[in-house]
Amino acid sequence: DPTDDAFLAPKSMTEAVRNYLGRPDLPLADVLSSIYHSLADSYNRTLKEIEDIAGKKISRISIVGGGCKDRYLNSLTKQYTGKTVTAGPVECTATGNIISQMMYLYEDMTLEKARELVKESFDNVSCNTEEVLSQSRGVDENSEKLSHMFDKTIVEINEISSGIEST
C-alpha cells in the first residue's frame, strides 16, 4: 500500500519496502517490481473510488509531470485500470502557471480555450501509451521488450548495489 505511513519519509525507501513486506533480504529487483505494481494497483483503486463517488465512468487517465516519462509505469497503469492512458506535458506546473496568467490577462481565454492551447502546444499530451509502446511493432511485443529492458536494468542495479554493499 503506497499510501501507508511507512513510506512518507523513510531514510531508505528500499528498506522501508522490505520491512513493510517482512522480507529484509528481498532482492532489489523484487522491491522495484513491488513498487511499480503497487502504484498501478493504487491508481486503479483510487480511480474506482472516484468513479463511485462521482457516479460516472472515467475513460482516460492523463499522467502529467516528470512521472509521465515512465513508460513502464504508464503501461502498468493501463493494464491495471483498463483505461486509455495519456502522458504529458512533462512541465505541467510551469504550463499551468502560464495558462493561469493568460486566463487572468485575457478575458476571452476560457478554460476550454486554455486546454486546447495546451493540447496544440505539446505533442505528447494526446500521446496514448499504446502508441508509445507500439511504435513499429505490436503492443504485446513492445510490452515484452519493455519488461525485458526493465528486468535487465533491475539485474544491473542489483549487481551494482551488491558491489556497493560489500565494500
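1. One of the pairings to look for is arginine 60, whose bridge partner in S2 is threonine 84. Two strands count as paired here if DSSP finds at least two bridges between them. Helices (H or I, at least four residues) and strands (E, at least two) are DSSP runs, numbered from the N terminus.

2. Before going further, please keep in mind that this is a predicted model, in which local features need pLDDT of at least 70 and side-chain atom pairs count only at pLDDT 80 or more, while totals for chains, interfaces and linings use all residues. Residues are numbered from 1 along each chain as its sequence is written, and side-chain values use heavy atoms, with hydrogens and water left out.

3. Now follow the chain between those strands. Together, S1, H3 and S2 make a right-handed β-α-β unit. Right-handed means that, with the strands pointing away from the viewer, the path from the first strand over the helix to the second runs clockwise.

4. Two aromatic pairs turn up in a search of the whole structure. In one of them, tyrosine 36 and tyrosine 72 sit edge-to-face, with 5.1 Å from centre to centre and 70° between the planes. This pair links distant parts of the chain, as tyrosine 36 belongs to helix H2 and tyrosine 72 to helix H3 (residues 71–81), 36 residues apart. For the rule itself, rings of Phe, Tyr and Trp (its six-membered ring) pair if their centres lie within 6.5 Å; planes under 30 degrees apart are stacked, over 60 edge-to-face, and the rest tilted.

5. Are these two tyrosines buried or exposed? Tyrosine 36 counts as buried at 17% relative accessibility, and tyrosine 72 counts as buried at 13%. The cut-offs are under 20% relative accessible area for buried, over 50% for exposed and partly exposed in between (1.4 Å probe, protein chains only).

6. Helix H1 (residues 13–21) has buried residues as well: Ala16, Val17 and Arg18. Helix H2 (28–54) is among the elements that cover them. After H1 comes glycine 22, with a positive phi near 70°.

7. Which residue forms a salt bridge with arginine 18? The partner is glutamate 15, with the closest N and O atoms 2.7 Å apart. Both lie in H1, three residues apart, about one turn of the helix. Arginine 18 is buried, with a relative accessible area of 9%, whereas glutamate 15 is partly exposed at 33%. A salt bridge here is a side-chain nitrogen of Lys or Arg within 4 Å of a carboxyl oxygen of Asp or Glu, and by this rule the count comes to four.

8. Arginine 45 is partly exposed, with a relative accessible area of 37%, and aspartate 41 is partly exposed, with 29%.

9. One more salt bridge deserves a look: lysine 57 meets glutamate 51 at 3.7 Å, N to O. Lysine 57 counts as exposed at 68% relative accessibility, while glutamate 51 is buried, with a relative accessible area of 7%. Through salt bridges that share partners, Glu51, Lys57 and Lys83 are joined into one network.

Terms used
Contact means heavy atoms within 4.5 Å.
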